Amino acid sequence: MQIVDAIHTLWSGLPDPLQAEFGTASIVTELRFNPVWLTALMVWLYLCLYFVQRVQFSPLVPKPYKAIVNLITLFAGPIPLFLLLIVDSAKKSFQSGDSFFEVLTRHVEDMIANIRSRSTGAEEDDSAIRLLDSSGRSIDEIYSHGRMKREDSRILDMTEQLIADALDRRASDILIDPKDESTYAIRLRIDGVLRVIKELKADTCKAVVNSIKAVSSMDISEKRRPQDGAFMAKKGGATSSFRVASAGVLSGEKLSIRVLNKDASIFTVADLGLSAKQYSSIEEAVAKPSGMILICGPTGSGKTTTMYAMLNEIDRFTRNVITVEDPIEAVLEEASQIEINPKADITFAKALRSILRQDPDVICVGEIRDEETAEIALRASQTGHLVLATIHCDSNAAALVRLLDLGVSPLLLSSGLSLLVSQRLLRRLCDRCKRAADLTSGLVEEFKKKHIDASNMFEAVGCRHCDDTGYSGRMAICDIMVVTDELKLDIANDEMLVKHLRSDGARKDRFNLRKEGLRKAAVGATSLTEVKRVTG
């Protein structure tokens, strides 16, 4: 009211003709507060600012003209972007031969996909999963900006659900295989055993395969040539990494996805479940300043996890630890990790040569595959370095034979090796449903002769908690060979040792693994059926 009185006072000082022409009432009326117009003004202001930001990152606006378009958009709001969208749609329609409305519809779908992607990221909770490529782009962004346009968000949701289901079930591998021309099977390897979880129609599953290939930075148009890729998945605060391999097969395209073990970096030797004697042997070998510890076993036997467990026993603050891996499965703090990349000419042998010039105390070799890598690693173990390495072999004896077959000299092998560890993984019985094993009287008597107590043996049943398998989780059984001075002499001098290792060595190693498996079964940790399946 004071403002209105002041206006009346000022108005009374004006000449009478001006007061008669405009009128006091009209001026006061125009100054009245109108909430509708003020709200509309604020909305338009924020809309203009928002579209200025969109212009800044829009591919429709050439870079030299962004400043001018920004200035126009600051006052005109969405009108410039709308005009640019119409012009761009008309241009692409003319170039591609598609109708104008089809191109415009695709542009609108891209905009909706962007909004959906941002809203999903803003409202993400612990239960949501997001698939990201190596650069951090989400699968929604890849589909909305790439040449392949997203026609159905159901495919993306199905892909994310497949990965989330694999993580929830603790799967180590996801296999997508064509059964025939019309059906694909999706299988998960859980605790080392494959099982079919669902079957999908070929058209639907091909779309899922393309979405995984897209987020893995693979060529979705190539169906026959083998390809490799990688992607990540974020669920809450956890991040999981995946390696993807594709191959053309008889009825279509096969996809294999390896789930990298993100928990490997926190494992210790004590978590492996070894006997006191085995634990002591590994601790003694890891504590040495030099020598080679060689871990052997078939694919999927947990060699890399055991190697990480040994690395976690080392004080990485006072010792320079460098690893060469293919791929890097987990991040180790205070360690330098190198990933093999054949395309960039980074091989195990070349990486090892460069490592030796970096003052290492501990060298970790992800896998010995050739003579050159084996020789460099063994020579490093002789020159004051502790070397940890893995090799694909069935037994400790087979590892020695393979290294000799690769061309490594017996003298170099005997002087470099300090410990061999052959291991397998046994499935643990589910504690919720396992029951006492029904053993025959003959089997009980046989266990008594071997001084094995069979009263605590159990067998698998199956329940909803273990997915009706009777097992949940896995544990390691190991056969450890300490390379003593006597064994070093045998390797270096006895030419008959190779023949002996070929004939009796592998059999003895299998016996030792079976013995360790029976010890696990005797305490109710696993079943006799599982021991037989793994050790033969």
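**Sheet, helices and salt bridges in the predicted model**

A search of the whole structure finds 23 salt bridges, a salt bridge being a side-chain nitrogen of Lys or Arg within 4 Å of a carboxyl oxygen of Asp or Glu. The structure is a predicted model, in which local features need pLDDT of at least 70 and side-chain atom pairs count only at pLDDT 80 or more, whereas totals for chains, interfaces and linings use all residues. Residues are numbered from 1 along each chain as its sequence is written, and side-chain values use heavy atoms, with hydrogens and water left out.

Side chains of opposite charge can pair when their charged atoms come close. One of the salt bridges links Lys 235 to Asp 168, with 3.0 Å between the closest N and O atoms. Since Lys 235 belongs to strand S5 and Asp 168 to helix H9, this pair ties together parts that are 67 residues apart in sequence; helices (H or I, at least four residues) and strands (E, at least two) are DSSP runs, numbered from the N terminus. Lys 235 is partly exposed at a relative accessible area of 25%, while Asp 168, at 53%, is exposed. In these terms, buried denotes under 20% relative accessible area, exposed over 50%, and partly exposed the range in between (1.4 Å probe, protein chains only).

Arg 369 and Glu 367 form another salt bridge, their closest N and O atoms being 3.2 Å apart. Arg 369 is partly exposed, with a relative accessible area of 38%, and Glu 367 is buried, with 16%. The side chains of Asp 431 and Lys 434 also meet in a salt bridge, at 3.5 Å from N to O. Here Asp 431 is exposed at 65% relative accessibility, and Lys 434 is partly exposed at 25%.

Seven strands form an open sheet in the order S1-S5-S6-S7-S2-S3-S4, and their pairing is antiparallel; two strands pair if DSSP finds at least two bridges between them. Strands S1 (129-132) and S4 (193-201) stand at the edges with a single partner strand each, so one side of each is left without a neighbour in the sheet. From one strand to the next, the twist averages 20°. Within this sheet, strand S2 (residues 171-178) is joined to the antiparallel strand S3 (residues 183-190) by seven bridges, and Ile 176 has Ile 186 in S3 as its bridge partner.

Helix H9 (residues 153-168) lies across S1, S2, S3, S4, S5 (227-235), S6 (238-249) and S7 (252-259), and runs at about 105° to S1. Axes are lines fitted to C-alpha atoms, for helices over the stretch in contact (heavy atoms within 4.5 Å), and angles run from 0 to 180 degrees between N-to-C directions. The 16 residues of H9 should span 22 Å at 1.5 Å a residue, which agrees with the 22 Å between its end C-alpha atoms; the expected span is 1.5 Å times one less than the number of residues. The buried residues of H9 are Ile 155, Leu 156, Thr 159, Glu 160, Leu 162, Ile 163, Ala 164 and Ala 166. After H9 comes Arg 170, with a positive phi near 60°.

In helix H13 (residues 348-355), the buried residues are Phe 348, Ala 349, Ala 351, Leu 352 and Ile 355. These cover an arc of only 165° around the axis, which puts them on the same side of H13, the arc being that of the directions from the helix axis to the C-beta atoms. The buried residues of H13 pack against strands S9 (321-325), S10 (336-339) and S11 (362-365) and against helix H14 (371-382). Helix H15 (residues 396-405) is mostly covered, with seven of its ten residues buried.

Most residues other than glycine have a negative phi, and most peptide bonds are trans. A cis peptide bond, with omega about -5°, joins Asp 326 and Pro 327, and Pro 327 is placed in the loop between S9 and S10. Glu 334 is found in the loop between S9 and S10 and has a positive phi near 60°; its relative accessibility of 48% makes Glu 334 partly exposed. Asp 359, in the loop between H13 and S11, has a positive phi near 50° and is exposed, with a relative accessible area of 62%.
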